[in-house]
Amino acid sequence: MTEFTGKGVYGAAAIGRISVFRRQDIAVKRVRITDTEKELARLEAAKEKAVAQLGEIYEKALKEVGEANAQIFEIHMMMVEDEDYNDAITEMIQGQNVNAEYAVAATADNFAEMFSSMDDSYMQARAADVKDISNRIIACLTDSGTAQQSTGGKVIICADDLAPSETVSLDKENVLAFVTAHGSSNSHTAILARNMNIPAIIGVGEAFLQQISDGDTAIADGFAGKLIVHPDADTLAEYEQKMQQEAEKRRLLQSLRGKENVTLDGTKINIYANIGSADNIGEVLLNDAGGIGLFRSEFLYLESTDYPTEDAQFQVYKRVLESMGCKKVIIRTLDIGADKQADYFHLAKEENPALGLRAVRLCLTRQEVFRTQLRALYRASVYGRLGIMFPMITSVWELEEILALCNAVKAELKAEGLEYAEDTELGIMIETPAAAVISDLLAPMVDFFSVGTNDLTQYTLACDRQNPHLERFCDPHHEAILRLIAMAAKNAHANGAWIGICGELAADTSLTEAFLRMGIDELSVSPSFVLRVRDAVRKIDLNQQ
Ligand code: PEP
Ligand code: MG
């Protein structure tokens, strides 16, 4: 039995087999070959396998994200068969007597470079696609794959680190837990784990990957932040019992479904849920959330290999709004940048990405991308109760430009005879100290504020939320953070706006009473935390000091 310790970021435990996450971009070596015919036959077999995989992914995507989003995999299938691409690979194998893996990788680099240098943004975006299909063919040639493909069934994913885009593309049905060598508790991967209700342990340290293998039995304990490999019979029995007790606790919480979020003295608060995908709606409804307080729409972009079209976005927003009926749905406009990168945006490398071209800064710089999203949002607004929320605001002028763009988009839709809901609420995230400090100026311009405590903590305390070595310094309970939230609440209410919290701190029940005393109107938390926060609210008496 071997034990590795890190930090638990989602309190739950899982028992299962380990699967070591391998990146698709496998290091490819140049090998001299003599039998070119054999190499070409290997290539053909790998391509066939890649097309079959893409066909399966297409069918899955068709069911889960609709035809518009699934189309990219059809394009990938065609790209595998593309004549120019195949001629280049074949010529390299025959002309230079190199192995197929190397010929595919080198051709992918050449084609990607060629696409990137084109003026047309559509063609530029194909660079990521050609790399993607080439990596798939190489994986088929080397018989490697993603963690789940190689082992099958439900597994504990162990990785050095996982980027948000890698996390979203994992087959969630088959993930029992995440364990990473690096990472920090406020990273988007940790947040995704919480949203997906799966035990997650971060910061276990580099060495653990050398001491585990695919198929090892392990316990991932997200409470204590421990990974126990090859547990003995007693430990297994202990954890099985613990998991049963947890299931019982969850069952008890379910008895709070349908009950009000009201304190003993009669103060009410809304408890909403945070989601990253329309697929999370089931969890939202199961946990009886009063609405959606944060739909991180950038995950739509991270899941795609090209800009999601207006129609594709419209379909997703419409689905979420329709599923939530008359409950409020707050969709945040894309917060791409910093750790959330999509290749096809071709963003320049930055020295300090967290302080870089992120969220509304990107939207105001690339207005065509922003406009497409705003059009999709407004078109969807007639299917429910929509609120649109803008992230990373620091200045009044940004909000003025955004509101002008919203008006322009509405006028455009009207001229085209397309409907939108006039009462769509508009709000901003308070996640920079600047926004909190000038919240008196911002509040009259919007219907609501929502405090993003993850970034507010990062920017107020000057602690990179991705840096695992700063956990001790990155204290979200810091008096400065609480004062900024209280200041924003006071200014919101003085100007007739409501205020919620959608950062991870909203689920911290040791602060629920403090938030109620500040007059916070809404707490938006991962779906599985809704009933726990309701339970905490119902035990508070604000008449007691
Ligand atoms: C936040 O910063 O608190 C927030 C909710 O946004 P994100 O975590 O997606 O940056
Ligand atoms: Mg944020």
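Helix α17 gives the largest share of the shell around ligand 1, namely 3 residues, where helices (H or I, at least four residues) and strands (E, at least two) are DSSP runs numbered from the N terminus. The model is predicted, so that local features need pLDDT of at least 70 and side-chain atom pairs count only at pLDDT 80 or more, while totals for chains, interfaces and linings use all residues. Residues are numbered from 1 along each chain as its sequence is written, chains are lettered from A and ligands numbered from 1 in the order in which they are written, and side-chain values use heavy atoms, with hydrogens and water left out.

**The ligand site**

Ligand 1 is surrounded by 17 residues, of which the closest are Arg296, Arg332, Gly452, Asn454 and Arg465; a residue is counted as near if one of its heavy atoms lies within 4 Å of the molecule. By class, this shell holds 8 charged, 5 polar and 4 nonpolar residues, with Asp, Glu, Lys and Arg taken as charged, Ala, Val, Leu, Ile, Met, Phe, Trp, Tyr, Cys and Pro as nonpolar, and the others, Gly among them, as polar. The table lists polar contacts to the ligand, a polar contact being a pair of N or O atoms within 3.5 Å.

| Residue | Protein atom | Distance to an oxygen atom of ligand 1 |
|---|---|---|
| Arg358 | polar side-chain atom | 3.2 Å |
| Glu431 | polar side-chain atom | 3.0 Å |
| Gly452 | backbone N or O atom | 3.3 Å |

Of the 280 Å² of accessible area that ligand 1 has on its own, the protein covers 100%, as computed by the Shrake-Rupley method with a 1.4 Å probe. The elements that give two or more residues to the shell are α7 (188–195), β10 (291–296) and α17 (453–460).

**The sheet**

An open sheet of mixed pairing is formed by 8 strands in the order β1-β8-β7-β3-β4-β5-β6-β2, two strands being paired if DSSP finds at least two bridges between them. Because β1 (2–5) and β2 (7–10) stand at the edges with a single partner strand each, one side of each is left without a neighbour in the sheet.

**Aromatic pairs**

Across the whole structure, 13 aromatic pairs are found, for rings of Phe, Tyr and Trp (its six-membered ring) with centres within 6.5 Å. The rings of Tyr85 and Phe111 have centres 5.8 Å apart and planes at 80°, so this pair is edge-to-face, the class for planes over 60 degrees apart, whereas those under 30 count as stacked and the rest as tilted. Tyr85 in helix α2 (residues 83–96) and Phe111 in helix α3 (residues 100–116) are 26 residues apart, and their pair links distant parts of the chain.

Methods: A polar contact is a pair of N or O atoms within 3.5 Å; within protein, one must be able to donate a hydrogen and the other to accept it, and residues adjacent in sequence count only if both atoms are side-chain atoms.
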